[in-house]
Amino acid sequence: MSTPSPVVVTAENDEPVRAEWSRAARETGLAQPRLVPWSAVVASEAEFAPGEVVFVERLHPDTAGNPVGGQRARYAELQAALEHLDTAVTKAGATLAASVEQTLLALDRTKCDEFLRSSGLPLLELSDVSAVRSNILRPRFAGSDEWMIDGWRTQLFRHRTRTGFEVWRAPGQSSGDNRELAQVAELLADDGFHAVAALHRVHLLNDFYDFRFAVVDGKVTHAAGVKREGEILAREWYGGKRREIDAFVKRFTTERWERLIALAERTATFFPGIRSLGVDLIMDNEKSEFVFDVDPFGASLPGLVAGLADAGGEPGPVRAAVLRSLSVHW
């Protein structure tokens, strides 16, 4: 049986994505995926072939020509575009690497949280925005322009509100006033913005971290610490060796680290129709871990990971793991 041919649907002229998939192909010795622009999909001009496996790339809001992705209105556009893509792929006898239904579930944070909580996974509970100073403010709809506020320093990415204004930064950057957070929550209520209680963040290397895991075909292949308060909208900003993972294992033992990996992999079992999933976990400095986010576009992590039993030194980026998996399991 021949290896399926990968196809990647991405933004027009997205050179970083092209370069990253090219690198993955070189590292694996497999064929470079064919790139198809979203504009061709939306215009019913995209062509697929039997045996192709189609991956959908995350769409960044500031990339020219992106027709879909993002908050409420853009989420609806994304839904329509994904359904359009699914029809074209199915008609051609190709296969989507991530089911439309499960992708849309993951991108609707409210529904996804309810689904995972009812499935027995640990998630942070919601609370009134004015009740706890350290609340996280989150949008309901995840996507290419997602952001959050923790009331202190986290950057607030651009978001157009129903009033026509654009919010550019967290009001808590200057004062941390809960009244300001409540005002922003009210302003963005149509998008389902809400507060998440009890800001759990483990403290390592003089920073507060979450952890991001790449789960490919049900197994964690990569991991990286995420400094939420310093996060910027850029590709592969993780960089370098994973000192924060080594610090976590040293402080909390290998047993707890393996528990995080198990939780990330358990989370992925509830999305069996997505081959490459990103799972973010948030944890405290004692013994509690929670599922914080699920990314149906996968986790765009580079190589140079640590703390994974099967890492084998310095593996390539997640896309290389995806191509290897495609050649072995399909």
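Is F115 buried, partly exposed or exposed, and what is its relative accessible area? With a relative accessible area of 29%, F115 is partly exposed, where buried means under 20%, exposed over 50% and partly exposed in between, for a 1.4 Å probe and protein chains only. The model is predicted, so local features need pLDDT of at least 70 and side-chain atom pairs count only at pLDDT 80 or more, while totals for chains, interfaces and linings use all residues. Residues are numbered from 1 along each chain as its sequence is written, and side-chain values use heavy atoms, with hydrogens and water left out.

Rings of Phe, Tyr and Trp (its six-membered ring) pair if their centres lie within 6.5 Å, and planes under 30 degrees apart count as stacked, over 60 as edge-to-face and the rest as tilted; by this rule there are 9 aromatic pairs. One of them joins F115 and F270, and because the ring centres are 6.1 Å apart with the planes at 85 degrees, the pair is edge-to-face. It links F115 in helix 5 (residues 109–118) with F270 in the loop between helix 7 (243–268) and strand 13 (276–283), 155 residues apart, where helices (H or I, at least four residues) and strands (E, at least two) are DSSP runs numbered from the N terminus. F270 is partly exposed, at 24%.

F115 also forms an edge-to-face pair with F271, at 6.0 Å centre to centre and 75 degrees between the planes. F271 lies in the loop between helix 7 and strand 13, so this pair ties together parts 156 residues apart in sequence. F271 itself is buried, at 1% relative accessibility.

Elsewhere, F211, F213, F248, F252 and W257 form one aromatic cluster. The charged end of R256 sits over the ring of F252, 4.8 Å from its centre, a term that requires NZ of Lys or CZ of Arg within 6 Å of the ring centre and within 35 degrees of the ring normal.
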